[in-house]
Amino acid sequence: QAAAPLHPVAVQCQEAQVVVTVHRDLFGTGRLVRAVDLTLGSAACLPVAQSVAESTVTFVAGLHECGSTLQMTPDSLIYKTSLSYKPTPSGNLVIVRSNAAVVPIECHYPRKSNVSSNAVRPTWAPFHSTLSAEERLMFSLRLMNDDWSAERLSNGFQLGDSLHLQADVAPGDHVPLRLFVDDCVATLSPDRNSSPRYALIDLSGCLVDGRSDDTTSAFISPRPRQETLQFMVDAFKFAGDDRNLIYITCHLKVSPADQAPNPLNKACSFNKASNLWTPVEGTGDICSCCETGSCP
């Protein structure tokens, strides 16, 4: 819709940019606002064109430019910005004759199909693959019951029990991902850097607790799915401390599922029968640094 006194702000949501046309009779009073008093977004971008004949001012900005923000819903990508009018004194430097105004602007794009036009070349990365760089991934770490079928209702254990821990990343509209547990540390307070502290998983995915003589701690292989990683840890308490509450803090990460596991992205357990480190997937050499301690 063209900008006119009845509809003074017109917005075109294009494939990669937004075009905002503003009629200078912004308030419908017949008094034209000055173009220099109009800006777009928090970055206060200036107009790119002005039509004296039509009394309009035009802004053109990329969807990520001028301080715009991106909101994601299950179905849409919503780019938000605003048109600002801030009157400055002219002639008489003491007074102004109009109010400031802010006009919110939104562009909505469907999230579950490619947003494209004839301008897109076949060699471009598909929209779905570029989306994964912008999406906030939802990770979880849960205590599970003994058969892994549901979350454990109690977090109480006796020494001699095993903790069944399951790490997940929620599937979404992104390229297939494989989850890894980079490290896990146990502490007596929520601060993972507090002392005493005990590393369960370290060195970018080595379950170092399983190296101890009196434990059976290990990753579960095979995985139930690429977005999930399960592991068991024998219950323990800190020596010389009567507190029974222990905090376990883990760093979770993902890599593309089609990328082969490597020394940086791995899940390795110590097999006491063979006296070797073995990966959940990938070749055994990716675990060799678990023994040397020289992992990336």
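The model is a predicted one. The count of disulfides comes to six, and the largest nonpolar core has 20 residues.

**Disulfide C268–C287**
- The sulfur atoms of C268 and C287 are 2.0 Å apart.
- The torsion about the S-S bond of C268 and C287 is about -80°, so this disulfide is left-handed.
- C268 lies in strand β16 (residues 268-271), while C287 sits in the loop between β17 (276-279) and α2 (288-292).
- The pair links distant parts of the chain, 19 residues apart.

**Disulfide C184–C250**
- C184 and C250 form a disulfide with their sulfur atoms 1.9 Å apart.
- This link is right-handed because the torsion about the S-S bond of C184 and C250 is about 110°.
- C184 belongs to strand β11 (residues 177-187) and C250 to strand β15 (residues 247-256), so the pair ties together parts that are 66 residues apart in sequence.
- Both C184 and C250 are buried.

**Disulfide C13–C107**
- The sulfur atoms of C13 and C107 are 2.1 Å apart in their disulfide.
- The link of C13 and C107 is left-handed, with -85° about the S-S bond.
- C13 is in strand β1 (residues 9-13) and C107 in strand β8, which places the two cysteines 94 residues apart.
- C13 counts as partly exposed because its relative accessibility is 37%, a value between the 20% limit for buried and the 50% limit for exposed.
- C107 counts as buried, at 2% relative accessibility.

**Disulfide pattern**
- With bonded cysteines counted along the chain, the disulfides follow the pattern 1-4, 2-3, 5-7, 6-11, 8-9, 10-12.

**Nonpolar cores**
- In the largest nonpolar core, the residues with the most contacts inside it are V20, V22, L26, L38, L40, F59 and Y109.
- Two or more residues of this core come from each of β2 (17-23), β3 (38-40), β5 (56-62), β7 (76-85) and β8 (101-110).
- Strand β7 gives the largest share of this core, four residues.
- Another core, of 17 residues, lies apart from the largest one, and includes L165, V169, L179 and V280.

**Contacts of L40**
- Leaving aside neighbours within four places in sequence, L40 is in contact with V20, C45, F59, A61, C66, T81, S82, L83 and I105.
- Among these contacts of L40, V20 and F59 are also listed with the most contacts inside the largest core.

How values were computed:
Residues numbered from 1 in each chain as written. Predicted model: local features only at pLDDT ≥ 70, side-chain atom pairs only at ≥ 80, totals over all residues. Heavy atoms only, no water. Core = buried A, V, L, I, M, F, W, Y, C linked by side-chain atoms within 4.5 Å. Buried < 20%, exposed > 50% of the residue type's maximum accessible area, 1.4 Å probe, protein only. Contact = heavy atoms within 4.5 Å. Disulfide = S-S within 2.5 Å.
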